[in-house]
Protein chains: 2
Amino acid sequence: MATRPQQSPRRTDALSKERIVEAAIEMLDAGGEKALTFRGLAARLATGSGAIYWHVANKDELLAAATDDVIARVVTDVAGDAEPRDAIRAMALGVFDAIDMHPWAGVQLSRRPWLVALPQLFEGFGSQLEALGVPERVLFDSTSALVGHVLGAAGQNAANGRLYAEGTDRAAVLGSVAEEWARLDPARFPFVHRVAAQLPEHDDREQFLTGVDLFVTGIVTTRA
Amino acid sequence: MATRPQQSPRRTDALSKERIVEAAIEMLDAGGEKALTFRGLAARLATGSGAIYWHVANKDELLAAATDDVIARVVTDVAGDAEPRDAIRAMALGVFDAIDMHPWAGVQLSRRPWLVALPQLFEGFGSQLEALGVPERVLFDSTSALVGHVLGAAGQNAANGRLYAEGTDRAAVLGSVAEEWARLDPARFPFVHRVAAQLPEHDDREQFLTGVDLFVTGIVTTRA
DNA sequence: ACCTGAACACCGTTCAAGT
DNA sequence: ACCTGAACACCGTTCAAGT
């Protein structure tokens, strides 16, 4: 008999890298990096733990694939014909929310940065900066810096979020940090003393957006 | 007999949290996060693995302490009477170099962000921004954003560095990434196509400094 | 108070054996 | 070609027992 063409392109019950990554993301979301084990994953997929290795090389690759998946989802649907600054804000917020919803991806980002989605980010931010009149000569550096800022700041935020996620609420955690800051030697930390009280008040999302705006303003102002 | 005063405040051969953290940093520097094990640490300190638990609660706390140590070293000796912008650059570079030399600390930073050293960073950056005339009303937000930018961007950089550290050299790795980028669909990625060639050329440290400058310019320009 | 090291309950990964 | 699951070589952490 002839070699059977792949008539049913994906049997629902067959294992595939996509199904594995999807299940991995669910486990990571539910319990963080430590909750993802090959044994647990195999059980969830009703297979043997070794079967997973047929589709992914190892845990690092699985984590990288999961991170890429989560970021790529966001990057694909970037708004088309908005004002450049708004488009930048929208894309940045997409990354922010993705990492906020999947904090483990933020950690992964600082381990293996070369996302498959990186070209999309470069394309999106770079073309908008160009539309803002940033000259060719500094376009690459400006875009790199902006991409780095967005990924970095979003990752930092997710790290903060991890703190309140574990039981205690945000206000309580930040409140006690503020108290610690207020107890520091006022002679050595005059500035920290003055601003400590503002710590529990601020809105993380708002502050992230402010940061992006500041950065874009810096780029636009610096061009010459 | 009366309770003996602690006459020799630290016996050279006694275990202490400092000695443990110091040894942990050496192991992390030598082989990354996976190279740090309690068994290896115990062997290096010529003790039992359980002894370490008398001084640190668990591996997470040990990693946090090691990270704090590495960042705190840098933050302590910030220049005193430089120009505000230069002082900011110097402090930012200190963080950059610390994370560049200890990439595992960058990963840790995105896991537990509330460094003991954080007040120092806030104090340093905040007071310099104040000296630049940033008004009180936006001082806290601006400082938070700057600290976040520095930690985030430095972490991103360390993540990149990890790639070339493992055998292959920087130019080769970035060169092949640039080739991949050049193979992307030019219709969908016109910008990426144009700048791909610049990828292997750029200086990471320089680009980080540029980013900090852009950010400060953004803050100073935005104040109103 | 501090240290020892065996024991416990896990891991990621491999691989002969199956279909 | 793809899956199974026992086996291997590790882990972090605990804890009775020592000094």
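**Ground rules**

I took this as a predicted model in which local features need pLDDT of at least 70 and side-chain atom pairs count only at pLDDT 80 or more, whereas totals for chains, interfaces and linings use all residues. Residues are numbered from 1 along each chain as its sequence is written, chains are lettered from A and ligands numbered from 1 in the order in which they are written, and side-chain values use heavy atoms, with hydrogens and water left out.

**Entry 1: α5 and α7 of chain A**

I looked up how helix α5 (residues 84-101) and helix α7 (residues 118-131) of chain A pack, and found an angle of about 160° with the axes 9 Å apart. Helices here are DSSP runs of H or I with at least four residues, numbered from the N terminus; the axes are lines fitted to C-alpha atoms over the stretch in contact, and the angles run from 0 to 180 degrees between N-to-C directions. That angle makes α5(A) roughly antiparallel to α7(A), given that angles under 35 degrees count as roughly parallel, over 145 as roughly antiparallel, 65 to 115 as roughly perpendicular and the rest as oblique. The crossing of this pair is left-handed, meaning that the near helix is turned anticlockwise from the far one by less than a right angle, with clockwise being right-handed.

For the contact itself (heavy atoms within 4.5 Å), I noted A:P84, A:A87, A:I88, A:M91, A:A92 and A:V95 on the α5(A) side, meeting A:L121, A:G124, A:F125, A:Q128, A:L129 and A:A131 of α7(A).

**Entry 2: α4 and α10 of chain B**

In chain B I looked up helix α4 (residues 84-101) against helix α10 (residues 204-222), which pack at an angle of about 140° with their axes 10 Å apart. This makes α4(B) oblique to α10(B), and the crossing is right-handed. From α4(B), the residues B:R85, B:I88, B:R89, B:A92, B:L93, B:F96 and B:D97 meet a set in α10(B) that includes B:D204, B:R205, B:F208, B:L209 and B:V212. The contact of α4(B) with α10(B) has 9 nonpolar, 1 polar and 6 charged residues.

**Entry 3: α8 of chain B**

Helix α8 of chain B covers residues 170-183, and its 14 residues reach 20 Å from first C-alpha to last, close to the 20 Å expected at 1.5 Å a residue; the expected span is 1.5 Å times one less than the number of residues. I listed its buried residues as B:V173, B:L174, B:G175, B:V177, B:A178 and B:W181, where buried is under 20% relative accessible area, exposed over 50% and partly exposed in between, with a 1.4 Å probe and protein chains only.

A:H149 sits in helix α8 (residues 136-165) of chain A and, at 3% relative accessibility, counts as buried. Leaving out residues up to four places away in sequence, I found that A:H149 touches A:A154, A:G211, A:V212, A:F215, B:H149 and B:F215.

A:S144 is also placed in α8 of chain A, and its 11% relative accessibility makes it buried; with the sequence neighbours up to four places away left out, A:S144 touches A:F122 and B:Q207.

A:S142 lies in that helix too and is buried at 6%. On the same terms, A:S142 touches A:L129, A:V134 and A:I219.

A:A46 has a positive phi of about 55° although it is not a glycine; the residue lies in the loop between α2 (38-44) and α3 (49-52) of chain A and is exposed at 71%. B:A46 likewise has a positive phi of about 55°, in the loop between α2 (38-44) and α3 (59-76) of chain B.

A:R194, in helix α10 (residues 190-195) of chain A, is partly exposed at 37%. Apart from neighbours within four places in sequence, A:R194 is in contact with B:E130, B:E136 and B:L139.

Methods. Helices (H or I, at least four residues) and strands (E, at least two) are DSSP runs, numbered from the N terminus. Ala, Val, Leu, Ile, Met, Phe, Trp, Tyr, Cys and Pro count as nonpolar, Asp, Glu, Lys and Arg as charged, and the others, Gly among them, as polar.
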